[in-house]
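Here are my notes on this one, as numbered points. Have the viewer open while you read.

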Amino acid sequence: MTSLASRLRAARLYLCTDAREAQGDLEDFLRAAVAGGVDVVQIRQRGMSRDAELAALEVARSVAAASSTIVAVHESARLAEKFAADMLHLGADEGSARRARRRLHEWALVGRSAHSTDQLDEALADDDVSYVSIGPVHATPVEPDVAPVGLDLVRHAARVAPVADVASKPWFAVGGISADTLDDVLAAGARRVVVVRAITEAADPQAAARALKDRLRQAWADDPALASYALRSAALGL
């Protein structure tokens, strides 16, 4: 079985979604998104009870079971422990990744948000952080209290953690990324992205996910530095 670390390095499209309570279609929605090429799913809905969030995560895990898609818990190490999560995502100021990791299983992944170069550099240097999401690149209602950082932080990440270097931690650009803004993010050096509304508000989530994933695949294929990334990643054996 492919390791979680290898699956993370291969990931390109990360979806953040609420529990679809208004639509009542979480399972069908996630099946469509995963079929379209989503590599990571995070359930993020503030104000949910722990039982409701756990139930939504179980739906996500059942959908992801037949694929290599990773299911992430948002911020709560306690919930991640109860869920036996493979991945936990922490906010920029959410506390110690090492402390959170103690609640997780041995191979679990821990992500960290970064909104500045200092936060990014700190996350990259933290041995207990598996990946970083950087942004928000553009203003987004998902992070209404965080000012958009633009593309400069993406360019900085591309310099200090080159995507083609398998020893670099994977990082994802996040914040207002859609089919209309993806090319600018790719041009700045990103090769992995987190999206929300680009899929959650799409009339056809599977088609929306597929279009984004196809563009990401093309960016990898067009980047000579990434030509042997998959082989070099597999050689790590992690």
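1. A word on labels to start: helices (H or I, at least four residues) and strands (E, at least two) are DSSP runs, numbered from the N terminus. With that in place, Glu 75 sits in the loop between strand E3 (70–74) and helix H4 (77–83). Its phi is near 70°, a positive value in a residue other than glycine. Most residues other than glycine have a negative phi, and most peptide bonds are trans.

2. Some housekeeping. This is a predicted model, where local features need pLDDT of at least 70 and side-chain atom pairs count only at pLDDT 80 or more, while totals for chains, interfaces and linings use all residues. Residues are numbered from 1 along each chain as its sequence is written, and side-chain values use heavy atoms, with hydrogens and water left out.

3. Have a look at the peptide bond between Gly 135 and Pro 136: it is cis, with omega about 0°. Pro 136 belongs to the loop between E6 and H7.

4. On to helix packing, starting with H2 (residues 26–36) and H10 (residues 205–222). Their axes are 7 Å apart and the angle is about 25° (axes are lines fitted to C-alpha atoms, for helices over the stretch in contact, and angles run from 0 to 180 degrees between N-to-C directions). H2 and H10 are therefore roughly parallel to each other (angles under 35 degrees count as roughly parallel, over 145 as roughly antiparallel, 65 to 115 as roughly perpendicular and the rest as oblique).

5. On the H2 side we have Phe 29, Ala 32, Ala 33, Ala 35 and Gly 36, meeting Pro 205, Gln 206, Ala 209, Arg 210 and Lys 213 of H10. By class, this H2 and H10 contact has 6 nonpolar, 2 polar and 2 charged residues (Ala, Val, Leu, Ile, Met, Phe, Trp, Tyr, Cys and Pro count as nonpolar, Asp, Glu, Lys and Arg as charged, and the others, Gly among them, as polar).

6. H2 also packs on H3 (residues 50–64), at an angle of about 40° and with axes 9 Å apart, so H2 and H3 are oblique to each other. Leu 26, Glu 27, Leu 30, Arg 31 and Val 34 of H2 meet Ala 56, Val 59, Ala 60 and Val 63 of H3. That contact of H2 with H3 has 7 nonpolar, no polar and 2 charged residues.

7. What is the angle between H6 (residues 117–125) and H7 (residues 152–160)? About 30°, with the axes 10 Å apart, which makes H6 roughly parallel to H7. H6 and H7 cross in a right-handed way. Thr 117, Leu 120, Asp 121 and Leu 124 in H6 meet Leu 153, His 156, Ala 157 and Val 160 in H7; the classes there are 5 nonpolar, 2 polar and 1 charged.

8. Ser 178 is in the loop between strand E7 (171–174) and helix H8 (182–187). Leaving out residues up to four places away in sequence, Ser 178 touches Ala 198 and Leu 212. The C-alpha atoms of Ser 178 and Asp 204, 26 residues apart along the chain, are separated by 14 Å.

Technical notes. Left-handed = near helix turned anticlockwise from the far one by under 90°. Contact = heavy atoms within 4.5 Å.
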